[in-house]
Amino acid sequence: MTTVEPERELVRRVLPFVPVAVLAAFAIGWVFGGSGAAWSAAIAIAIVAGNFVAFALSIAWAAKVSPTMLAIVALGGYLVRLIIFTMVLVGLNTLGWFSPLSFILALMPATIALLVYEAKLLTGRLQADLWSFEGARP
């Protein structure tokens, strides 16, 4: 029996909402702060989505390899993505049009909404129960 990894299923379900969220963040940013705020908010949504996809696909890959690789990718991947996120934020902050306030005001609710949606989709299922390790003994 072939099953889809839960992480890939989450990505498939979340991705259709990304363009809508980017457009909404852009429009709200434009209304309340102009062009710079709009672009800052849209970039924040894109970063949240990119971070989610990178995490989900890396975990899906690691789950096929071994439990040890899964732990390494989960912890190490978080650190790598956090470093990349910080570098992007510092780089964007050097641009005159970038609005850190708009960026954060879009990033925070987008992250919370994504986590709530992910939790809702996985309700009643333990994440570890959804993974299978080829060759592992029960």
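Author: Helices here are DSSP runs of H or I with at least four residues, strands are E runs of at least two, and both are numbered from the N terminus. Going by that, the chain reads α-α-α-α-α from the N terminus on, so five helices and zero strands. Bear in mind that this is a predicted model: local features need pLDDT of at least 70, side-chain atom pairs count only at pLDDT 80 or more, and totals for chains, interfaces and linings use all residues. Residues are numbered from 1 along each chain as its sequence is written, and side-chain values use heavy atoms, with hydrogens and water left out.

Now the core. A nonpolar core is a set of buried Ala, Val, Leu, Ile, Met, Phe, Trp, Tyr and Cys residues joined through side-chain atoms within 4.5 Å; buried means under 20% relative accessible area (1.4 Å probe, protein chains only). The largest one has 19 residues, and Phe52 and Phe103 touch the most other members. Helix 1 (6-14), helix 3 (35-65) and helix 5 (100-122) each give two or more residues to this core, with helix 3 supplying the largest share, seven residues. Zoom in on Phe52: setting aside neighbours within four places in sequence, Phe52 is in contact (heavy atoms within 4.5 Å) with Leu10, Val11, Val14, Leu114 and Glu118.

Notes. Buried means under 20% relative accessible area, exposed over 50%, partly exposed in between (1.4 Å probe, protein chains only).
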